[in-house]
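Please keep the sequence and the structure in view while reading.

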Amino acid sequence: GVLVVPWLWSLPTALATAELATMFPGEAGFIDWNRHAWSSLLGKVDGLMMTFVILIDNALEPTIFVSYIEEFFDLDSGTAYLAELVFIFAAFVLCLAGPAAVDRASTVLQWITIVPFLLFCGAGVWRTDQFHASRVLSTHGPWRVDLYLSVLLWATCGYDYAGFVANDTAAPGRLFPRAVVLVTAIMVVSYAAPIVVAICIYPKPDEITEGAFAVLGSRLGFAGAIGYAILVGGCGSSLGGYTSYIYTASVGIQEAADEGSAPHVFSSRFLKASWREVPLMALALFTLCECLLVLLDFPTLIEVATLLQAFHTILLMTLVPRLRVLEPHRTRPYSMPGGLLAVCVQCVLPCLFALLVIVTIDWQVFVIGCTIVIVCVVAVVLHERGGGGGGHGGGGANVATFK
């Protein structure tokens with residue numbers, strides 16, 4: 001799945017994002033794209049719904065962080081929750097340093113993440129006494145299709161969030177599409193290689209979880225050094241993803257408030273001039289919400305997030321064909337390959353995966369997801385009727401993902 005799905009699910013979404021983001025290079029991202037293709041109201045509903053996705057996604061990262069630590073240290077529930085709180089507030093403090101600091105930290109944490117897993121893959125293949133390639137083709141026990149699909153699509157989505165930073169990209173028509181295609185290739189390799197090596201060196205692949213990579217690495221020799229390196233790398237991955245996610249999401253909230261489609265308390269004008277680069281109030285809101293969400297069940301959070309992402313993806317993939325028809329003469333620094341028919345075919349592929357999620361998801365998760373959508377619709381309608389629909393309908397909360 002991880003070798004094939006990104007090219008059929010992630011890449012078409014990435015290319016669609018590249019076209020839309022370079023057509024409308026602003027911080028409002030898909031909120032603005034919806035306004036041009038459908039309506040301001042639908043864009044705001046989509047933006048609010050994806051705010052829930054961001055909250056849920058962010059709540060997963062502290063849990064993954066603790067899962068790595070628990071492979072080496074025994075933590076009771078109270079201590080684990082305390083570790084999650086330390087993680088959350090450390091990211092909050094880092095975000096307060098501003099966008100330049102977040103960018104530098106993300107770059108450093110990327111390397112801290114990548115290098116240990118490269119060492120793990122190299123050492124795993126080198127240890128021929130433990131490496132058994134035939135295990136890749138074997139199956140081990142029952143598996144839940146709905147949870148598998150949710151985790152796989154959750155881990156390989158998020159390209160639409162990159163639209164929020166297209167305006168900050170030099171020569172976006174040339175560099176933005178190249179970047180998203182390159183990231184797809186890197187993602188396939190970075191996910192697939194450690195998983196394949198782990199399966200080949202461990203006789204019980206069904207027991208392999210996020211934190212288990214550190215334990216497997218410690219079994220490869222070198223006095224357990226690779227295991228500890230993976231522990232650091234896994235923790236760095238979680239912190240990097242969480243920090244970049246929450247910061248850019250907060251920027252989206254602030255942009256929405258500046259344009260009148262979110263409460264004024266999140267506006268840059270609400271803060272002192274020295275804080276205008278840092279969306280302080282939105283960061284504080286997200287931080288407090290994450291402190292509560294980390295207490296919820298991990299698989300349920302992933303499934304709810306993926307269901308909402310499926311709804312969003314279906315809407316997103318209608319935007320490119322519709323705007324090709326409505327605004328054929330608008331400047332497009334980058335265009336998806338082919339004419340209208342070819343674009344429609346490319347946009348259908350992610351929709352098929354989204355529909356598969358919807359029809360296979362647990363009914364209780366489906367009810368939760370639909371309830372969130374209804375709450376978003378009601379909230380936006382009430383906000384509009386209350387006179388809060390100023391600006392261009394732009395703004396919203398989303399991000400450039402670090403998954």
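A residue is called buried when its relative accessible area is under 20%, exposed when that area is over 50%, and partly exposed in between, using a 1.4 Å probe and protein chains only. The model is predicted, so local features need pLDDT of at least 70 and side-chain atom pairs count only at pLDDT 80 or more, while totals for chains, interfaces and linings use all residues. Residues are numbered from 1 along each chain as its sequence is written, and side-chain values use heavy atoms, with hydrogens and water left out.

**Overall make-up**

- The protein chain has 13 helices and zero strands, where helices (H or I, at least four residues) and strands (E, at least two) are DSSP runs numbered from the N terminus.
- Of its 403 residues, 52% count as buried.
- Contact means heavy atoms within 4.5 Å, and among contacts in the protein chain between residues at least 6 apart in sequence, 82% join residues at least 24 apart.

**Helices α11 and α12**

- Helix α11 (residues 298-326) packs with helix α12 (residues 340-360) at an angle of about 165°, their axes being 8 Å apart; axes are lines fitted to C-alpha atoms, for helices over the stretch in contact, and angles run from 0 to 180 degrees between N-to-C directions.
- The two helices, α11 and α12, are therefore roughly antiparallel to each other, given that angles under 35 degrees count as roughly parallel, over 145 as roughly antiparallel, 65 to 115 as roughly perpendicular and the rest as oblique.
- Residues that meet across this pair include F311, I314 and M317 in α11, and C347, P350 and C351 in α12.
- By class, the contact of α11 with α12 has 18 nonpolar, three polar and one charged residues, with Ala, Val, Leu, Ile, Met, Phe, Trp, Tyr, Cys and Pro counted as nonpolar, Asp, Glu, Lys and Arg as charged, and the others, Gly among them, as polar.

**Helices α4 and α9**

- The axes of helix α4 (residues 77-96) and helix α9 (residues 225-258) come within 10 Å and cross at roughly 55°, which makes α4 oblique to α9.
- F87, I88, A91, L94 and C95 in α4 meet S238, L239, Y242, T243, I246 and Y247 in α9, and by class this contact has nine nonpolar, two polar and no charged residues.

**Loop residue E327**

- E327 lies in the loop between α11 and α12, and with a relative accessible area of 18% E327 is buried.
- Leaving aside residues up to four places away in sequence, E327 touches F24, H36 and R332.
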